[in-house]
Amino acid sequence: MKYTKRLDGRKFDELRPMKAEVGVVKNAVGSARFQIGKTVAIAAVYGPKDLFPKFLQKPQNALLRCYYNMMAFSGSGERVRPGANRRSKEISMVIEKAFEPVLDLSEFPKAVVDVYIELIQTDAGTRCAGICAASLALADAGFDMKDLVCAVSCGLVGDQVVVDLDKTEEDFEGGAVDIPIAMLPRTGEITLLQLDGEISKDDLKKAIEAGKEACQKIYEIQKAALRAKYAQEVVA
Amino acid sequence: MSKLIVEERQVVIPGDVLAEGMDFLPGKGAFREGDNIISSRLGISNISGRILNVNPLAGRYVPRRDDVVIGYIKDMSYSSWFVDVGYAYEASLSMKDATADFIERGSSLSDYFAIGEIILTRISNVTKEGNIDLTMKAPGLRKLHSGKIIEITASKIPRVVGKQGSMISLIKDKTGCSIFAGQNGRIWIKGASPEAEKLATDAIQLINDKAHTSGLTEKVGVFLEKHTLEMQK
């Protein structure tokens with residue numbers, strides 16, 4: 001089915017309005033909020049701290065543990081059952097993997113770093129918003145990182161390649177393909193790539209390229225948010 | 001053809017390119033990738049000759065030898081105590097470093113330090129594996145009674161203390177509190193009244209919020225002056 005105009009009037013390569021803020025949870029070691037359109041994620045980092053049970057400890061590294069959670073009231077009116085479920089466990093795991101190449105925790109063998117990601121409001125693209133927020137929170141917590149991680153969803157709505165699908169587009173009756181992608185903005189390396197739907201090879205390539213470009217825009221927002229918190233401490 | 005991209009004392013974030021070319025070397029908080037030197041943490045750039053460092057602005061305390069810190073007794077064994085000093089691992093205070101007293105076999109260690117008590121202690125050794133040894137054998141080290149403890153970012157403690165202790169003695173003078181700032185970001189405050197403790201806390205919070213601005217001592221001086229007058233009214 002043809003998809004000629006986006007439902008919310010955006011251009012095909014246009015992201016929803018974004019907002020980022022660092023240091024929103026005062027008791028956490030590092031924290032951030034990342035908002036894209038109507039999707040809002042808050043991430044808080046705690047640790048490094050002792051890890052039990054002991055068999056989980058890694059002798060040369062700290063363990064990164066992510067907890068992705070959608071709040072009960074976050075969705076489109078349907079109540080989300082609280083607590084972990086199959087979907088949230090999988091997303092937590094892929095988020096952990098998305099940070100593996102950048103985060104250096106070798107200074108803290110046998111310890112654990114916990115990252116809690118709460119979605120207070122959702123309109124598709126939650127894991128991406130979660131990764132963006134977690135990346136800021138980890139930097140805010142002062143961990144050694146090779147780069148920030150930026151994430152966005154891209155894909156196909158009808159027959160059109162778009163970036164940053166919202167919920168109405170994901171549910172488009174002509175069919176939609178959702179591809180969450182996380183990238184290191186400096187090198188362009190991809191640390192998360194999932195695909196839900198059917199897509200041709202050419203369209204997939206186009207979608208990933210569009211996603212990479214969108215990630216660079218997200219990177220600018222992330223950089224500005226981190227600088228905004230710390231610049232005021234430094235400049236007189 | 002090397003080019004410096006950051007200036008001295010600039011806020012950098014992980015992934016920022018600090019310099020291009022082989023004439024510079026990565027120091028603390030930086031690494032080399034191809035021709036570029038990249039920051040690996042959030043901090044302030046520091047250029048010392050050819051070496052580019054990033055001094056942390058955020059993050060937890062990293063223990064160093066001879067740091068005097070405030071610790072919480074968490075656990076004990078037959079001959080030592082385990083102390084939380086705000087690091088990823090608990091530090092250990094062994095019996096021989098804890099007291100000069102002769103401790104008879106089988107006597108209770110909690111007569112000296114009980115779980116939950118707070119001590120001012122010194123780090124005597126840090127090993128690569130993250131084992132931290134503590135000692136109580138230095139002047140001024142003791143158990144802390146009453147007063148209150150606040151926590152700030154450990155990297156800002158030098159600002160709270162000031163040059164030759166100028167800042168902390170200013171706060172002590174104006175509020176009449178006894179204050180001890182541990183290197184791990186914990187600060188113990190004990191004053192004659194809750195109001196005095198509150199004022200000292202606020203002053204320290206002010207330093208925490210504006211840690212890297214210039215003329216900080218004057219700002220804190222003005223702040224304390226204003227509020228001590230209010231207190232006397």
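Colleague: Where is E209(A) found in chain A?
Modeller: This is a predicted model in which local features need pLDDT of at least 70, side-chain atom pairs count only at pLDDT 80 or more, and totals for chains, interfaces and linings use all residues. Residues are numbered from 1 along each chain as its sequence is written, chains are lettered from A, and side-chain values use heavy atoms, with hydrogens and water left out. Helices are DSSP runs of H or I with at least four residues, strands are runs of E with at least two, and both are numbered from the N terminus. On that basis E209(A) is found in helix α4, residues 201-234.

Colleague: Is E209(A) buried, partly exposed or exposed?
Modeller: Buried means under 20% relative accessible area, exposed over 50%, and partly exposed in between, with a 1.4 Å probe and protein chains only. E209(A) has 47% relative accessibility, so E209(A) counts as partly exposed.

Colleague: How many disulfides does the structure hold?
Modeller: A disulfide is a pair of cysteine sulfur atoms within 2.5 Å. The sulfur of C66(A) has its closest cysteine sulfur in C132(A), and at 13 Å that is too far for a bond. C215(A) is in no disulfide either, with the sulfur of C150(A) 5.6 Å away. Over all chains the number of disulfides is 0.

Colleague: What is the relative accessible area of C66(A)?
Modeller: C215(A) is buried at 0% relative accessibility. C66(A) is also buried, and its relative accessible area is 5%.

Colleague: How far apart in space are D196(A) and P82(A)?
Modeller: D196(A) is in the loop between β11 (190-193) and α4, and is exposed at 54% relative accessibility. D196(A) and P82(A) are 114 residues apart in sequence, and their C-alpha to C-alpha distance is 24 Å.
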